[in-house]
Amino acid sequence: TESFWEAFKAAWEAGINFFDTAEAYDNGLGEIQLGNALKALGVARQELVITTKLFHGYTLPTNKSGNVELKINENQKGTSRKHLLEGMTRSLKNMQLDYVDFIYCHRYDVETSTEEVCHAMKVILNRGQALYWGTSEWPAQRLVEAMHICDKIGCPRPI
């Protein structure tokens with residue numbers, strides 16, 4: 001943790017103000033470490049650009065015969081409305097933030113309709129939990145579909 005803090009502080013002092021993480025990085029610990037570092041840095045939130053990604057979810061510790069194992073929480077992966085809304089709230093809590101500048105739908109989810117994703121993103125943006133949203137590793141066809149759906153439902157397009 002000390003080496004993370006030293007690297008983070010050195011990055012800030014070198015002029016870096018953009019920090020990216022994801023819910024799945026070390027099962028949420030990446031977001032927690034970033035939040036702790038941001039708090040320790042004591043910089044005004046407006047001076048930072050923070051992003052995180054939702055898709056892979058997190059795992060839950062289970063106890064099997066005295067051994068700790070990790071079990072995937074099936075409700076908390078993909079881009080279902082449930083996962084996006086609950087995942088965004090959990091990510092903000094982990095980072096000790098009121099909002100992120102940008103939230104990524106990290107992968108394309110073949111099991112969730114693009115319309116459901118767009119409606120969830122509209123809720124997240126309307127709550128003020130993120131300023132912008134976008135995607136990574138989505139097929140071009142689905143990204144165009146999302147843009148049309150967003151126009152139809154009054155949601156900002158993914159950027």
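Predicted model: local features only at pLDDT ≥ 70, side-chain atom pairs only at ≥ 80, totals over all residues.

User: What makes asparagine 27 partly exposed?

Analyst: Its relative accessibility is 34%. Buried means under 20% and exposed means over 50%, with partly exposed in between, so asparagine 27 counts as partly exposed. You'll find asparagine 27 in the loop between strand E1 (18-20) and helix H2 (29-41).

User: Why is glutamate 137 called exposed?

Analyst: Here the value is 57% relative accessibility. Exposed means over 50%, so glutamate 137 gets that label. Glutamate 137 sits in a loop too, between strand E6 (130-135) and helix H5 (140-153).

User: What makes the phi angles of these two worth a look?

Analyst: Most residues other than glycine have a negative phi. Asparagine 27 isn't a glycine, yet its phi is positive, about 55 degrees. Glutamate 137 isn't a glycine either, and its phi is about 60 degrees, also positive.

User: Which residues have the most contacts inside the largest nonpolar core?

Analyst: They're Ile50, Leu84, Val100, Ile103, Met121 and Trp133, in a core of 34 residues. To be in a nonpolar core, a residue has to be buried, so each of these six has under 20% relative accessible area. Helix H4 (114-126) is one of the elements supplying at least two core residues, and H4 gives the most, with six.

User: How much of the whole chain is buried?

Analyst: Buried residues make up 43% of the 159 residues.

Notes
Residues numbered from 1 in each chain as written. Heavy atoms only, no water. Helix = DSSP H or I, 4+ residues; strand = E, 2+ residues; numbered from the N terminus. Buried < 20%, exposed > 50% of the residue type's maximum accessible area, 1.4 Å probe, protein only. Core = buried A, V, L, I, M, F, W, Y, C linked by side-chain atoms within 4.5 Å.
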